[in-house]
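The following exercises are to be worked with the sequence and the model at hand. Each task is followed by a solution in steps.

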Protein chains: 2
Amino acid sequence: MSQNNAQLLKGTLSVIILKLLGERERMYGYEITQKVKELTAGEMTLTEGALYPALHKLEADGLLTAETQVVEGRARKYYSLTKNGHTEAAGRMSELFAFMQNLQTVLNLKPAL
Amino acid sequence: MSQNNAQLLKGTLSVIILKLLGERERMYGYEITQKVKELTAGEMTLTEGALYPALHKLEADGLLTAETQVVEGRARKYYSLTKNGHTEAAGRMSELFAFMQNLQTVLNLKPAL
DNA sequence: ATTAATACCTAAATTAATTAGGTATATTGT
DNA sequence: ACAATATACCTAATTAATTTAGGTATTAAT
């Protein structure tokens with residue numbers, strides 16, 4: 001995803017998708033890549049080869065629903081969180097937060113609890 | 001590694017090893033697993049199937065040196081950072097820090113830069 | 001006309017980590 | 001004495017996420 005931090009992002013992609021969608025009505029894939037790029041001033045880049053399969057998996061798992069719509073001659077596939085998706089988004093965010101706290105402790109970036 | 005956050009840890013294992021060794025003269029594998037468990041009150045657990053191959057790779061990459069020593073009848077393999085290891089440890093920590101900053105921004109955990 | 005941007009997609013290969021073993025010694029409990 | 005737990009190392013097969021490297025198609029810009 002990003003240039004060198006590539007593998008740090010492993011495991012965070014689905015959380016990013018769920019969280020971004022949790023804050024908006026709906027988004028389409030390409031929009032997600034642009035939003036992440038914009039928010040990080042180009043430092044974090046989602047690859048399409050990772051993003052689209054991840055979206056399809058979240059949809060298959062019942063966390064997202066999709067509807068295709070043609071805008072300005074191009075087909076966009078809009079995704080939204082399902083009810084389960086909202087629940088799961090919150091749960092995944094808590095887990096990620098707890099993980100980051102632990103990581104910061106181990107890496108001595110903040111005092112031990 | 002941890003129970004559910006398992007895949008969040010992907011990509012962070014080698015940074016954890018380098019950072020822990022950067023703060024100490026030397027450590028052996030089992031000691032690293034115990035130190036991480038201790039620091040996180042058991043919330044983060046390194047599996048041996050991930051740890052030992054990671055140590056071997058870091059050694060093969062010239063970032064660690066190892067020497068085996070028998071203590072209380074058991075063989076311990078102590079690892080230390082090489083000069084390159086110290087440099088790399090610092091670089092990887094910067095990358096991880098930058099990544100975590102970006103992740104926090106994307107996940108709306110802190111105001112955008 | 002060509003290139004860049006928008007917008008979707010997939011299949012093969014890579015890679016990290018899990019799972020599930022294995023060996024061996026020391027300590028603790030029964 | 002025996003079993004279980006803790007210490008301490010290891011690896012091979014499998015799984016799963018991502019990269020790499022394509023593909024299609026439309027619109028906008030040069």
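Two strands pair if DSSP finds at least two bridges between them. Strands (E, at least two residues) and helices (H or I, at least four) are DSSP runs, numbered from the N terminus. The model is predicted: local features need pLDDT of at least 70 and side-chain atom pairs count only at pLDDT 80 or more, whereas totals for chains, interfaces and linings use all residues. Residues are numbered from 1 along each chain as its sequence is written, with chains lettered from A and ligands numbered from 1 in the order in which they are written.

**Exercise 1.** Determine the strand order of the sheet in chain B, and find the bridge partner of B:Met27 in E3(B).

*Solution.* Step 1: the open sheet of three strands has the order E1-E3-E2, with antiparallel pairing. Step 2: E1 (27-28) and E2 of chain B each have a single partner strand, so one side of each lacks a neighbour in the sheet. Step 3: two bridges join E1(B) to E3(B) in the antiparallel sense. Step 4: B:Met27 has B:Tyr79 of E3(B) as its bridge partner.

**Exercise 2.** Check the length of helix H4 (residues 83-106) of chain B, and list its buried residues.

*Solution.* Step 1: the expected span is 1.5 Å times one less than the number of residues. Step 2: the 24 residues should therefore span 34 Å, which agrees with the 35 Å between the end C-alpha atoms. Step 3: a residue is buried if 20 or more other C-beta atoms lie within 10 Å of its own, C-beta atoms being placed from the backbone. Step 4: B:Gly85, B:Glu88, B:Ala89, B:Arg92, B:Leu96, B:Phe99, B:Asn102, B:Leu103 and B:Val106 are the buried residues of H4(B). Step 5: after H4(B) comes B:Asn108, with a positive phi near 60°.

**Exercise 3.** Describe the surface near DNA strand C.

*Solution.* Step 1: a residue is near a strand if its C-beta atom, placed from the backbone, lies within 6 Å of it. Step 2: DNA strand C is surrounded by 27 residues, with A:Tyr28, A:Gly29, A:Tyr30, B:Gly49 and B:Gly73 the closest. Step 3: two or more residues come from each of helix H2 (29-39), helix H3 (48-60) and strand E3 (74-81) of chain A, and from helix H3 (48-60) of chain B. Step 4: H3(A) gives the most, five residues.

Note on methods: Buried ≥ 20, exposed ≤ 12 C-beta atoms within 10 Å, placed from the backbone.
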